[in-house]
Every structure is written in C-alpha cells, then in structure tokens.
Amino acid sequence: MALDAVDPLLSRATELVQTNGGTILAASETGLTASFGAPKPLEDHAAFACRTALALRQLAAAQAGPAISICIALDTGNVVVSDAPEPDRAEVRGGPVSVAHLISQAPRPDRVIATERTHSSAGGFVTMRELAPLVFSGAKSGQKLYEVVEINRGRSRWQLRTERQLSPLVGREMQLQMLNKAWHDACDGEGQTVMIVGDPGLGKSRITQEFVGAIPCGDAENLEAGALETNLRSGFVVIRKALKELFAVGDMEASPAALDKVLAAWSARGLDQRLLDPILAIMELPTQEALWMALTGPERSRRMQQAAVALLLSLAGVRPVVLLVEDLHWIDYESEAILARLAQTAGGGRILLILTCRPDYDRSAFAAARPVEIRLSGLSPIESRSLIDFLVGRDSALDGLRESLSEACRGNALFLEETVRNLAETGKLEGQPGRYRLTGKLDEIVVPSNIRSLIDARFERLDIDAKRVAEVASVFGGEIPLASLSRMVALPEARFDAALRSLKNADLLVEVQVFPDVLLRFKHGLIRNAISERIMATALVELHRTALAELKACYADRLEEHSERLARHAQEAQLWEEAATHLLISAQRAIKRSAYSSALEQLDLGIELLRANEVAGADEHEIDFQLAKGAALMAARGWGSRDILAAFQRAEELCQKTGDKERLFTALRGRAQYYMISGKPAAAQELASRWVSLMNGQGDPGLAIESEYMFWTNNFFLGEPAAPRPPAKRQSA
Ligand SMILES: Nc1ncnc2c1ncn2[C@@H]1O[C@H](COP(=O)(O)OP(=O)(O)OP(=O)(O)O)[C@@H](O)[C@H]1O
Ligand SMILES: [Mg+2]
C-alpha cells in the first residue's frame, strides 16, 4: 500500500465514520478501529456500522492510484468505555473490539465480515449472506460469520418491522377514533395536526399505519416520511423524502431521470411555477432559473421552507392530504420548521398532519399550532394477554412463561414480540409461532439484542448521576426502597433528587408507594435487566451484598415474606449458604400455599448451590432440602412417585453420615409412607421397626404417636387390624 494514498483515505474514512454517528478509536496507516453506539448512543448502531463499512470499501475501491485492499470486520456486544473528558477521545475496550480485530485477519480481503451478534442486531436493515467457515488464526470452531451484502435502502423503520408477520392489532380503539375524527374534520376543511407520543415499541407506527392504510386510495393524497437517527445534521432530509414520494422519485434515482419526473408531474398537476426552483433545491435537483443561485444562503433556505408549505397547501386544494411524519425526535431543523409552519396554517385547509415522536422530543416548535396529542401508554393486562396468546399459544404448560412475559414487558408490544422471537431463536421455545412449547426450564427473560440497543441508547442519554442511580436501582428486583437506594448511591441529596426526577421523567422508574415508605420500581422488567447487565461483574456482587443488607434491615419484621427476593440477592452476592437458607424458607412457604412446582424449583436450586459451591455444612443443610422435597413431591407427583423414594433415601443417607437421629426419623417415616402407599406394607413395617428401636428411650410423645399410627395403618393394609401395637414394643413387653 503506498503511504501517500493512505493519508487522504484515512481522513475520508474518519469523516465517513463520524457522519454515520461512529467514533474513531484508533487510526494508523495499517488500520482503523471505530465504534458505533459507544460512547455516543446510537439505537441502530449495528446497521450504521454496516453502512459505514460498505461505504469504506467503496471508498478504497474508488481510490485513484495504486489499488488498496482492505479487510473490514464487525462485531457487536458489551464494551467498556473509559471516562474520557472528551467523547471523541474515548477509549472503548472489550470483547467486540478484539473479536473484530481477530476476524479482520481472515483471508477475505475486500469483504465486510460480520459476526452472528452483528447479524442479529442489524435485523432487517441489512442484507447479509452466511459465509462458509473461514480458517484463520484464533478462529473459533462453529462460529458463524456473515458477509455484509447491502443496506436495505429506501425503507422506513416501520417497513423493516413489518417484514416479519404482524400480530393482530389489539386495543387502541380510542386512539383510532380520535384519528378518525381529525380526518373527518380535515375533510370538512378544518385542517388538523395530531401528535402521537409514546415510548419505543408502544405502537405509534402501528396505529398510524392502521389508520392511514384504511383510507381508500382515491380519497386522499397520502404522503409519508420518517426521520432517522443520523438525520439531525443534514437539512430538509425528511421533507425531501415526502417530496420524493409525491413525485414518485426513487431513493437512488439518478438526477436527470428524477428531474424529468418532477417536471412532468409539475405540469400535469398544474402546480405554481414560482415554487418549482425552491422545491427542486430541497430535492437536491438542478434548479431551472439562474437567479436562484444568486440568492443568499439564508434567503434560499427561507424560500425553500415557504415553498414546501405552499406546495402542500395547494395540493390540499385539489383533494385532502394526509401527511404522516414519523420519529420527530430525529428530525432535522429545516423539516421541523416546515412542519411547524404547516401545522399552524393547516387549520384552513384539507390537511391532516400526523406526527409521531417519543416523549423526550421537545415539542415546543408545535405549541402554537395546538396539536391534538395522543399519548400512548402500554397495552392493558388483558390486551397484553391476548397478544401473548397470539405469539406463544394458549397451552396451559406455558402459563408461567406468559406471566413472566407480561411482567417483563409491561404492555410493550415490541418487547413482547422480540422477546418471544429471541426465545424461539435461542431454542428455549420450539414449535411454531402461536403454538410453542418450552424446551426446558426458563430462568430469566433475556433482553433481545435489538431491544438492548434501544434501551442502551436511552440509557446513554441520561446524565452521569441518573445513570448511577439507574444502575444501582437495577440491582433490586421488584420494589426499590427509596431510602436504601439513596444510601447505596451515596450522592448529595440535591443531585440524587435531580437524578431521580430525570429517571421518572424518562419514564424509567415509577413510584409504586408513597406511604409509609417510598417504593419505586422499573417500569419495564426488560429495561431493568438490560441496565443491570451493563454493570461489571465484580461491582455487581458488591452491589447485591449491600442491597441484601438494606433489604434485610428494611423488612426485618417480615423477612420470611421476602425470602425469595433475599435468596436472589444472596445468590448474586455469592453468599451461597445464606442463599440456600432463604431458598429453603421460600420453598416451605410455597409448599404451604400449595405452589409445589415453584417449591421444587427452589429446593433443587438450593441443593445445587450447596453442592456446586462446596458450602461448609452442606450435608446438614441438604437434609432439610431433601425432606421438604419429599413432602412437596408427594403432593406434586402423587404418593407413589419414585422421586419421593430418592429424596427420602438421600436424606436418610445424609442423616446417617452426620449422626442426626432426629431428622433420620422423618426420613425413615417418609420412606415408610412411600412403601405403604405404593403397596409394600411389609417394607414399611420393617422401616417402622427400625425407627422404633432408634427412638427407644427418647420418650418423645410426637414420635410415639407417629409410630403408633404407622403400625396401625400398616397392620390394616397387611390384614392384621387386630394387631395395632408396634411389634418392637410387643416383643419387649
Ligand atoms: N396494539 C397493538 N397490537 C398488536 N401489535 C402491536 C400493537 N402495537 C404495536 N404492535 C407491534 O409492536 C411492534 C412495535 O410497534 P411500533 O413499530 O408501532 O412501535 P413504535 O411506537 O412506532 O416504536 P418506535 O418508537 O421504535 O418507532 C410492531 O411489530 C407492531 O406491529
Ligand atoms: Mg415507530
């Protein structure tokens, strides 16, 4: 590679990375490392990285002079960002950086190679082709790699989402009625602006598309455009998209053909010639009058804005216009100004302007137009349930999963769809959508990668204090005592309050109780999981330790009630013995409420923790777990189940090993019960004799009654109802 060719290439490459929202981590004549989504948040970071990579390859190919071959590799995942004072100087480290370095050594020059994680994160935005396994030093066997082929251009986020099967629409009747009313008013000449506001995934695009799609074709001029995350810098982007749709100009169409189309449509529609040049300028097409170029920049911009508004109003003179503009939170300044002006003047025309945005978008530009605001909240529990039924099916074996999904996703349709898809893709569910089966036990709902990037971007927009509070809060599953949170975060009061306020405003945390103590919780379980997964493993252990101590102090008078939660914190804090103790209490409580399967899960987990971590005194602890397990199994599986025998035999073995006579009685009693019920009264009788000799001399009346009862029932099953007394006693009498 000639060095004089490298410098200009590097500076062009740097520019490309930056305009696509990325950050350069390192650049030299031998290579360039860039990161998307960290430290600067970028929702569709994988797609932007792919787009930049393809553009870089094109750049190298078009390089004049000696040919340059480049190798580009992409990986996606969690990284560590150092706290550099300037974002452009940040240091980003971690798995994806080294994996990408490694794969860039693969013998595939001039290809853009992406890992499975990048493939899944980029979703429908990018076309990729799976590659045959590549051999290179450090390659992992079975690692799937893809070639990035092209960016699926000219598509809105909504079109990409709808590539997958749409779930049937649930709820939203009232919102559709409001849109309908606005539409009728607009048709009657009272133009309307409707602003649909809601968190990502709540269905802003879905209801607007349902509504617009239901307007018969000839009844309105339908125009649609949407902003993208990287649009902020460049002017008129969104309006340009709407105009391209109006004149049926393709996204990649060459300038002469596009100009012909516009001019033909202009005269066919009889549009005002005075508007032509500014509209052509917005569309980045050659203008017709030389005078246009003589105008100053600000004057041209002013005229372009005026012309766009005038053109849309003139279209509305012919037939009603529905202009849908999505994702205002990413809109460019000029397009926003045009829409705000249109909203203000639309009142007298047949225009329905539908705008969608997320709650953090500053809507003040539209305040004067007083738009009708439709604020979307999550689906109601009943609506969520019907969506979940559609996604996974109604089989009662999935009850637990349905409950966990509705708890984790809290009425967010996108979270539900993506989580179910992720469970199917990772093999946790098998079968067909709407008719799934669980393949095993489901521990925790994992955050799908595309939802993670959405949450990460939202998290990155928070200031440093709010991030800290959110991270600490994410350690608590369920309710978060405010006082504990404040102690653990250890910020000055005013800063803590401000951070909390911004988390509430961002709708991440909600207050669930104000008296006697303030309790908070994360609005979405998935957001909580995603934030807590960002915390470094070592810090997480410490935070769980503190949270455990806080919760124990907070609920000192009702620890049993909170045993399940305490067990989870103790487990995360790696306090194995304590985790086992809480698990046992929680399982015993579950048995009392007849929740046997949950009890059995907790008992098995407790045994696993004791054994896997070689807890001191594990034998003594396990006896209680096996005895409780035997009792729960009797109710859950029926008295003759062989698992019961295994549990009591194991308890018996451990009692003998530790010399624990008292619990040995319970173990023997359990085993005898099993024999008696499963038609082996003689074996039961023999065990009963063993424990009678064990208890001789103990004089415990409880044990004596139990023994008497066992002998009596055994004798009855043996056909000797007249011999009610224990044989051991009879012999000694
Ligand atoms: N009421 C609903 N019934 C059924 N499915 C829904 C409903 N609302 C949303 N969905 C589905 O959830 C997914 C996300 O919805 P949508 O794209 O409309 O969200 P959004 O609010 O526009 O999010 P973003 O801010 O990311 O654009 C889509 O697949 C959509 O079909
Ligand atoms: Mg949307």
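1. Thr-193 is buried, with a relative accessible area of 5% (buried means under 20%, exposed over 50%, partly exposed in between, with a 1.4 Å probe and protein chains only). Bear in mind that this is a predicted model, where local features need pLDDT of at least 70, side-chain atom pairs count only at pLDDT 80 or more, and totals for chains, interfaces and linings use all residues. Residues are numbered from 1 along each chain as its sequence is written, and side-chain values use heavy atoms, leaving out hydrogens and water.

2. Thr-193 sits in strand E9 (strands are DSSP runs of E, at least two residues; helices are runs of H or I, at least four; both are numbered from the N terminus). Leaving aside residues up to four places away in sequence, Thr-193 touches Ala-343, Leu-353, Leu-355, Pro-371 and Val-372 (contact means heavy atoms within 4.5 Å).

3. Now the sheet: it is open, with 5 strands in the order E10-E11-E12-E9-E13 and parallel pairing (a pair needs at least two DSSP bridges). Strands E10 (221–226) and E13 (372–375) are at the edges with a single partner strand each, so one side of each has no neighbour in the sheet. Twist from one strand to the next averages 15° (axes are lines fitted to C-alpha atoms, for helices over the stretch in contact; angles run from 0 to 180 degrees between N-to-C directions).

4. E11 (residues 321–326) and E12 (residues 351–357) pair in parallel over 5 bridges. Leu-323 has Leu-353 in E12 as its bridge partner.

5. As for helices, H6 (residues 173–187) packs on the sheet, touching E9 (192–197), E11, E12 and E13, and its direction makes about 160° with that of E9. H8 (residues 237–246) also packs on the sheet, touching E10 and E11, at about 145° to the direction of E10.

Terms used:
Chains are lettered from A and ligands numbered from 1 in the order in which they are written.
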